[in-house]
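Morning, everyone. I have one structure to walk through today. Here it is on the screen.

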Amino acid sequence: MDLTKNNLTRQIPFHVGHMSKLLVLRLGGNSLTGVIPFTMGNLSSLQRFSVPFNHLQGGIPHDLGRLKSLTYLYLSANNFSGTKFSFPQLRKLSIALNQFTGIIPETLTNISGLELMDLGPNYLTGQVPDSMGMLTDLYWLGLDGSGLGRGMSGDLNFLNSLTNISGLRFLALSSNNFGGMLPISIVNLSTQLQELHLEDNKIFGNIPEEIGNLINLTVFAAHQNDLTGVNPTSVGKLQNLRILTLNRNKLFCHNMEILDLSHNKLSGSIPKNVIAHFNKLTSLYLQQNSFTGSLPSDVGRLKNLNELHVSDNNLSGEIAAELGSCLVLEYLDVARNSFQGNIPLSFSFLRGIQLLDLSSNNLSGTIPKELQNLSILQSLNLSFNHLEGEVPIGGVFRNVSAISVTGNKKLCGGIPQLQLPPCSDVSLSGKNGKGKHLSIKIIIAISIAGVSCLAFLVASVFLYGRKKTLTKSSSSRASLGYEYLRVSYQELLKATAGFSSSNLVGTGSFGSVYKGILGQDERLVAVKVLNLQQRGAAKSFMAECKVLRKIQHRNLLSIITLCSSIDHKGSEFKALVFKYRWNGNLDNWNNVLLDDDMVAHVGDFGLAKFLPNANEILSGDQNSSALLVGSIGYIAPVIRTRWLNVALGRCIQLRRPFAGDVHGKETNRPMFSDGLSLHSFSKMALPERVMEIADSNLVGDSGEAINNGGNQEEMEGIMHDSLVSIARIGVSCSEASPGDRMDIKDVVMELNVIKEKFLG
């Protein structure tokens, strides 16, 4: 008979006892009152009796003990009281959430076939009988929510007997008065144990290191105790652990998402090679403990980590640069420790960071200006460290309420609201015109002397290199010179986190480019790895080395080093290492990269060839394919699919960068719409209105030169004519049809003429 949740009221009728053939009686979830009628002792065939969640009271009738077939007795969530139980044939007994008092009767441990026993919460007191281990068929033992134990050592000795129960899967001892240390026998409980609840007691001491023996644990709760010592590293072996609460919170392991060990008395170092096992961890709370040592670098392998809090500990050493690999990190708090060294430059990779608190440590060095590129950062606390140098003024540094740099006595600059002293400028200019011209002369003299010395050194190296060509070096590294940083395959592997896809910047026809952090100085780099399986890749590598060795220019992408080695598979490995450029590329011109100051740098010389010298250009000999400079990335999109021939020697890369430099405007600005383009905008202004469209910075620099010159009217005319000529070249180079553009040789010669005329 199942009358569960039928809104029944009043008492259980006495005549129920007349139903002698009744096997199952379920009356749970009603509003029954009164006591269990003694007549139920006549139900000799009754196997299951369930009346949870009612308002029944009184004791359990002795007559129920006569029911030899009764195996299932659920009396939870009522107002039953008393302490006498005698049901020798029971398999499952639940009397939780009642008013039972006194000690656990020994008679319960005589129910040898008992599989489930749930006695709490109630008002039970005293010790748990050591004979509890005689219930060898138990898989569920609930003793939580009572007053068991005395708050003293020895309260948990009964755990020794529970090691005999090989099938135990659930053990709840929480919210009692158990004291003492955890006996070592706890690690010898059944390996089938899935849930272990020890929270809200008076247990002290260490969690045994061997707790990892309980390999099937899914829930381990031990918060609100007096546990101390080191967090056991064997927790990392609990691959099925889904909930771990050691301080009023939850952790999830292997599939764990939240790990909270905060507000404890845990000491020692944070275990290495443990945290990284929690590869789905999103939140890690270790604050307000007594952890010492460094923050393990393997925290950088937590790719899903959203929050990391380790404040108010005794951690030291450098802050792990590997944190820069936690690309989804939003909240990072390492305040009030003893961290030292520089602020890791890798933090500039944390594009989603919203809160960054590094306060009250021993950090030194300068504030990385790259932090101002973190557009989502809302709160930055760098106070009470030993930072020095200039405070950036961009990004989060523009908002005085979002940053704190108090207590760093050597900082300067920043926004006025910070009230920091101005940074001292090293200026060579005098206080008057005479001093200024004198300083300029000194600068010129020093520059000439420096260039002369440099030229002498370069010539010496060149002559020495010519002499050494008789004995070729087997290393490609030599083609760039020995002044470049030497770097191994292993270093590049580490710098890019194993050439991780998360660090992949882009791919091309001959390889892939990864961002990384190289060396002890944590230099941000871009690593171009050649795909040597691709035909022509090795030739591209050598060509690029040759170009980068022979040419230097402020607008060419500077190389840091190269690597020609063997990878971990024994295969040939070649890579070029460049300085990382933050601001992407110029519109869709893939090989024109922008640095922090939005200055363009050209890169990728894999298919580069050298132009003929000036005499060859002037002789008109254009039959050589050497006039083709650069790879397909440099060729205008409108002619990428056409045959590449000598005509491509015309102005193909200068189209947008050159014209844009004159105006100081980008081609994708909103003003260039409805048929108006940078090309047409410039063309309409020629020649009378060229001064109106010229970049104000360009005019300003030239204007200063005019003011310092002789005949002002003459100089203004020269500047106007020069700008007109430059603008005409820009217009010609940006013609829609490739055939209408100036030849590059003509551009070079025209610009030289303009320069000579302008400089007199």
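Let me begin with a term. A patch here is built from residues with over 30% relative accessible area and no salt bridge, and nonpolar side chains are joined into one within 5 Å. Keep in mind that this is a predicted model.

With that term in hand, look at Met1, Leu3 and Met19. These residues make a nonpolar surface patch of about 220 Å². Leu3 sits in the segment before β1 (9-10). Its relative accessible area is 31%, so Leu3 is partly exposed. The cut-off for a patch is over 30%, and Leu3 has 31%.

Now the whole chain. The protein chain has 760 residues, and 46% of them are buried. Its secondary structure comes to eleven helices and 42 strands. What about contacts? Take those in the protein chain with a separation of 6 or more: 50% of them are between residues 24 or more positions apart. The accessible surface of the chain comes to about 38,400 Å². Carbon and sulfur atoms account for 53% of that surface.

On to charged pairs. How many salt bridges does a search of the whole structure find? Four. I will go through three of them, in sequence order.

Start with Arg150 and Asp155. Their side chains meet in a salt bridge, at 3.4 Å from N to O. Are these two partners buried or exposed? Arg150 is partly exposed, at 46% relative accessibility. Asp155 is at 1% and counts as buried, because buried means under 20%.

Next, Asp312 and Arg336. This salt bridge is 2.7 Å, N to O. Where do the two residues lie? Asp312 is in the loop between β25 (307-309) and β26 (314-318). Arg336 is in the loop between β27 (331-333) and β28 (338-341). So the pair ties together parts that are 24 residues apart in sequence. Asp312 has a relative accessible area of 26%, which makes it partly exposed. Arg336 is partly exposed too, at 39%.

Last, Glu572 and Lys574. Their side chains meet in a salt bridge of 3.3 Å, N to O. Glu572 is partly exposed, with 49%. Exposed means over 50%, so at 49% Glu572 stays in the partly exposed class.

Asp312 and Arg336 are both partly exposed.

That's my tour. Over to you.

Key: Residues numbered from 1 in each chain as written. Predicted model: local features only at pLDDT ≥ 70, side-chain atom pairs only at ≥ 80, totals over all residues. Heavy atoms only, no water. Helix = DSSP H or I, 4+ residues; strand = E, 2+ residues; numbered from the N terminus. Buried < 20%, exposed > 50% of the residue type's maximum accessible area, 1.4 Å probe, protein only. Contact = heavy atoms within 4.5 Å. Areas by Shrake-Rupley, 256 points an atom, 1.4 Å probe, with all protein chains shown as cover. Patch = residues over 30% accessible without salt bridge, like charges linked within 9 Å, V, L, I, M, F, W, Y side chains within 5 Å.
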